[in-house]
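Subject: Structure handover

Hello,

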Amino acid sequence: ITNMKNVKVILISVALCATIFANARIEALGGDAGFWPGDRANVELYPGALNDGNWVEFGGVEGTPSGSINWGDDVKWGFNFDADVNNDWMNMSWAKDGMGLSVAMLSSSTAGVDVSGFDVAWGQTMSFGELGVSYSTTDDGVNDAATDLTVNWRGDCDAWLFDKSKASLSMTDDGMGATGTVLTYDLFTHVTPAEGVTALVAMGFAYASSEDGTGAENTQMWLPDALLAVEASMTDWATVRAFVAQTHVFSNDVDGADGDTGNTTDAGFGVGFGWTTANGSSVSLDMEVSNSLFTDPISTMTGYDAGNLANGEVTISYEF
């Protein structure tokens, strides 16, 4: 039986536009760039964010590399690379006057399997908030084309202690009969309890449904879907990050039968280092860190522990 928590994660993960960001800072703060306006990873959800800066960024330097460059004055141009999927023939982005566009053309042949298709994403900041729309299709020549359509929105709000909200709708079809839909809505705010410390408080709900191609259907609702994350500066060049996320499975229907309900909890940690260059630009290195760094720091840092200090993600970036 499909675990619907995994369904939610999978669908949200694939519902990204053509620009690829493996961002260790965001992963250490809960994994959702939408809660952190201004971070470069927002271009995945809201391509209009391509207008916000110039950068060169490398992710996955510990094993599966990715890269992105975005530059320009009035008009921004970008190129993107990702060795994880590695089906891109060309992956480019363009932005001007608050609007952004990403396009990737797919073409590869591995072990006699030909893959073709495209990813396209568009976004713009409007009077009602930031909007991002992405669509992708992939054809392996065997099954029907797999498709993914996603719409993301983020804007201001005034609800209790929250001043921001965001919503997402994703619809996927794997080309082999399995389909899925994910709908999320979140309220969030950032608070500064002390100088150099930023805390995120977020709460919302999520709904997911899937059909596995054989007629079996799963639906689930999470309420509340909560996240607490903290980013604190230790010095002017070092930052620590941590998050705890708790989701309450409010309802769970597994092909007509009642499934498990209750809480699932996740946590993570990260560190970041940043320096200002002689020309006023900045260089930063961010990483997720293994929980064992805190439970057994000596063994982890000296390599005696079998685990890795970096917990699967390292990002190096240069902003200019």
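The notes below cover a pocket, some salt bridges and a surface patch.

Please keep in mind that this is a predicted model.

The second largest pocket holds about 500 Å³ of space. It is lined by 32 residues, and Arg25, Arg40, Arg241, Ser284 and Glu319 are the closest to its centre. By type, the lining has nine nonpolar, 13 polar and ten charged residues. Strand β15 gives the largest share, five residues.

Arg241 also takes part in a salt bridge with Glu231, at 2.5 Å from N to O. Glu231 sits in strand β12 and Arg241 in strand β13, so the pair ties together parts ten residues apart in sequence. Salt bridges with shared partners join Arg25, Asp39, Glu231, Arg241 and Asp286 into one network. Glu231 counts as buried at 14% relative accessibility, and Arg241 counts as buried at 8%.

The structure has ten salt bridges. One of them pairs Arg154 with Glu130 at 2.9 Å. This pair links strand β8 to strand β7, with the two residues 24 apart, and both Arg154 and Glu130 are buried. Another joins Asp156 and Lys164 at 2.7 Å; here Asp156 is exposed, at 62% relative accessible area, while Lys164 is partly exposed, at 27%.

Trp89 belongs to β4 and is exposed, with a relative accessible area of 63%.

Regards

Technical notes: Residues are numbered from 1 along each chain as its sequence is written. This is a predicted model: local features need pLDDT of at least 70, side-chain atom pairs count only at pLDDT 80 or more; totals for chains, interfaces and linings use all residues. Side-chain values use heavy atoms; hydrogens and water are left out. Helices (H or I, at least four residues) and strands (E, at least two) are DSSP runs, numbered from the N terminus. Buried means under 20% relative accessible area, exposed over 50%, partly exposed in between (1.4 Å probe, protein chains only). On a 1 Å grid over the protein atoms alone, a cavity is a set of points where a 1.4 Å probe fits but cannot get out, and a pocket is an open set with protein on both sides within 12 Å along at least five of seven lines; lining residues have an atom within 4 Å of a point. Grid points are joined across faces, edges and corners, and a volume is the space filled by probe spheres set on the points. Ala, Val, Leu, Ile, Met, Phe, Trp, Tyr, Cys and Pro count as nonpolar, Asp, Glu, Lys and Arg as charged, and the others, Gly among them, as polar. A salt bridge is a side-chain nitrogen of Lys or Arg within 4 Å of a carboxyl oxygen of Asp or Glu.
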